[in-house]
Amino acid sequence: MLEIRNLHVTVEGREILKGIDLSIRPGETHAIMGPNGSGKSTLANVIAGREGYTVTQGEILFDGKNLLDMPAETRACEGLFLAFQYPVEIPGVANLYFLKAAVNAVRKYRGEPAVDAMDFWELVQERMALVKMDESMLKRSVNEGFSGGEKKRNEVFQMAVLQPRFAVLDETDSGLDIDALKVVADGVNALRNPERGFLVITHYQRLLDYIVPDHVHVLVNGKIAHSGGKELALELEEQGYALYNEEPGRARRAAA
Amino acid sequence: MTAVAAQFIDPYRDRFATFLAQRHDPDVFIQRRRAAFARFEQLGLPTRQQEAWRLTDLSAPQAIAWHAPSAAPVDAGILPTLDMPTQRLVFVNGRFAPALSRLGELPGQTLVASLGQALRTHPERIEPWLDHVPGLDQHPFAALNGAFWEDGAFIHLPRGTTLDTPIHLVFHASGGDMHLQPRLLLVLEDGAQASVVVEYRGTDRYLDTPLADIELGAGATLHYHQVQEEAPQAFHLGGLRLRQQRDSTAHLHLLGFGSQLARCDLETVLDGTGAHCTLNGLILGRDRQFSAVHVRVNHAQPHGSSEQLFKGVLDSQARAVFDGMIHVSRHAQKTDARQLSRNLLLSRQAQAQANPRLEILADDVKCSHGSSTGFLDPDAEFYLRARGIPAAEARMLLIHAFANDSLDRIQLAPLRERLAGVLAARLALDLIEG
């Protein structure tokens, strides 16, 4: 459902992604691991459509459609979701209001009428339970004054309400203690199904104990240095990324 | 004096003697008018060499030959209403319009009336209060208003009186290059409580220089809302001065949407222990509108608190100035004074200038001030878009969020909702045009 082909991306003239190839089918969860500065967040932002990134080569197809031609809001309406590494605080916009605006924007795009207030409320109640979120957070301004854990929980909550077909989780584990991490992972796992794809981006293997991926890719210096099954995450945990900081051939030998 | 300034002042000088001769005011008021006019002549028109007027360019209104106000018919349908019972006084071209007004039963000695009429029927109730509130000594248009005011509103609540319904004052101007100088006298004696909505609006070109005097007795509570929605060609140079006695509370909301050049000079003195004052300002500027707010909060007695929040949303080539002074006198220990100015620029040509100032002579006080000016947060915009909300709608949502913080402070629900509607219509229009 998501096809990334030979993706090259520059930021302010500097090449960050140097030819990424990635193919994710419905129902699959892929993990991308890599050290700081390897290009993980750039990949997430380019998929979501953030400005400031220049694609110099390659393409991203989402169910065969050229994602790079679409503005961010269209990608979201097509069923793409990015769980932000740093969720933005928006003072003055209540969480619930924001969520309803988002749900209705997607429905409008699909040519559906605005959501019924009662149906929406029921969905919200149900999904809030999924991430053990307190009802008071609905009335508060989006992410304003939320703790790190609350912000990440709010991301997963939004994902649960919007029910995207494909979700990118950008370092959703960063800044979470183990209890919060479990809650967030349980929320994600509850949404996994044969139609939905996930791309989980993380620095640490820890998250992948809870969200067990089908495939793991190691991103180093803007390229996928190695791909494998879930066991690759454990190897990385033991050996670290140091192996991959060498030239690619040696890194592959070392990992093999 | 420059030729342009003389050209502005001379007609008032020529007019003043005739004006006085036609008045039938008690002597004490005639003397006050003379004193006010002498003050105006002494001050002259402000120049941009004066610090307080450095950023206000008066060359446009100075070059126009303004006429004394005259009567004109007005269609009642264009006047704003509040969707609730009110005591309603309408003024057309500065004069009380009884047919458009509606006054209900009032408790005891409470007076809600035309100031012009009350001067004839109850001069003894006006005399102790009018021209007694300190402040705006250097403001030439406040002085000029003191000389030439003819009508306006007089609200007098005796001790312990509470009005259940808000007082709605509507000042409508019909253009014709008239210079309107309405006067407001608002007196809440000890423990009295009232909510007042004052609206300035009109059509075509005119100059509006209203002056409001407000006295709050011990323990009195006032909710005051001023909505400046003047015609796009109009000039508005308003003055507001306020004195607060012990433990009184004033909530002032100043909303400025209209006129090509708008300025509000506000001076308040917390003259009794434990007085509390909140100032909540919101300006919406577009086209080439200029809006200025000059505030001076004087803490004269201990344990007072004041909280100022002034916000501006500026589009196209609009400009806004916030000049705020907190003065804490030597006696005013335990003062808690805060001031914040925030501006949101929607275009690269819009400009905002903030000049927050503190003068603190007491040593045991809490004072803070701050200002910020910026564009919409691109991260916030992207966050909304990443959830499917189209860019224009995302921007609208963020602008509303910025402004709603000010509107939400207005407790009077029908007014708050109407203003939210004005804001929505205004932003929708800006986005279509922009």
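Met325(B) counts as buried, because its relative accessibility is 6% and the cut-off for buried is under 20%. This is a predicted model, so keep that in mind as we go. You'll find Met325(B) in strand 18 of chain B, which runs over residues 319-328. What does Met325(B) touch, once residues up to four places away in sequence are set aside? Its partners are Val295(B), Arg296(B) and Val297(B), then Gln339(B), and finally Arg357(B), Leu358(B) and Glu359(B). Lys311(B) sits 14 residues from Met325(B) along the chain, and the C-alpha atoms of the two are 16 Å apart.

Staying in chain B, let's go to its helices 1 and 2. Two packed helices can be described by the angle and the distance between their axes. For helix 1 (residues 3-22) and helix 2 (residues 27-43) of chain B, the angle is about 170° and the axes are 12 Å apart. Roughly antiparallel is the label for angles over 145 degrees, and helix 1 and helix 2 of chain B therefore get it. On the helix 1 side of chain B, the residues that meet helix 2 are Phe8(B), Ile9(B), Tyr12(B), Arg13(B), Phe16(B), Phe19(B) and Leu20(B). Helix 2 of chain B answers with Ile30(B), Arg33(B), Arg34(B), Phe37(B), Phe40(B) and Glu41(B).

Now over to chain A and its helix 4, residues 117-130. Which residues of helix 4 of chain A are buried? They are Phe120(A), Val124(A), Arg127(A) and Met128(A). These cover an arc of only 105° around the axis, which means they lie on the same side of helix 4 of chain A. That spacing makes sense: an α-helix has 3.6 residues a turn, so residues three or four places apart point the same way. The cover over the buried residues of helix 4 includes helix 3 (95-109), helix 5 (136-139), helix 6 (148-162) and helix 7 (178-191) of chain A.

At its start, a side-chain oxygen of Asp116(A) comes to within 3.1 Å of the backbone nitrogen of Met118(A). Just after the helix, Lys132(A) adopts a positive phi of about 50°.

Last stop: Glu78(A), in the loop between helix 2 (72-77) and strand 6 (80-83) of chain A. Is Glu78(A) buried or exposed? Its relative accessibility is 13%, so Glu78(A) counts as buried. Beyond its neighbours within four places in sequence, Glu78(A) contacts Phe62(A), Lys65(A), Met70(A), Tyr109(A) and Arg165(A).

Key
Residues numbered from 1 in each chain as written. Chains lettered and ligands numbered in written order. Predicted model: local features only at pLDDT ≥ 70, side-chain atom pairs only at ≥ 80, totals over all residues. Heavy atoms only, no water. Helix = DSSP H or I, 4+ residues; strand = E, 2+ residues; numbered from the N terminus. Expected span 1.5 Å × (residues − 1). Buried < 20%, exposed > 50% of the residue type's maximum accessible area, 1.4 Å probe, protein only. Arc of directions from axis to C-beta. Contact = heavy atoms within 4.5 Å. Polar contact = N/O pair within 3.5 Å; in protein donor to acceptor, adjacent residues only side chain to side chain. Axes fitted to C-alpha atoms, helices over the stretch in contact; angles between N-to-C directions. Parallel < 35°, antiparallel > 145°, perpendicular 65-115°, else oblique.
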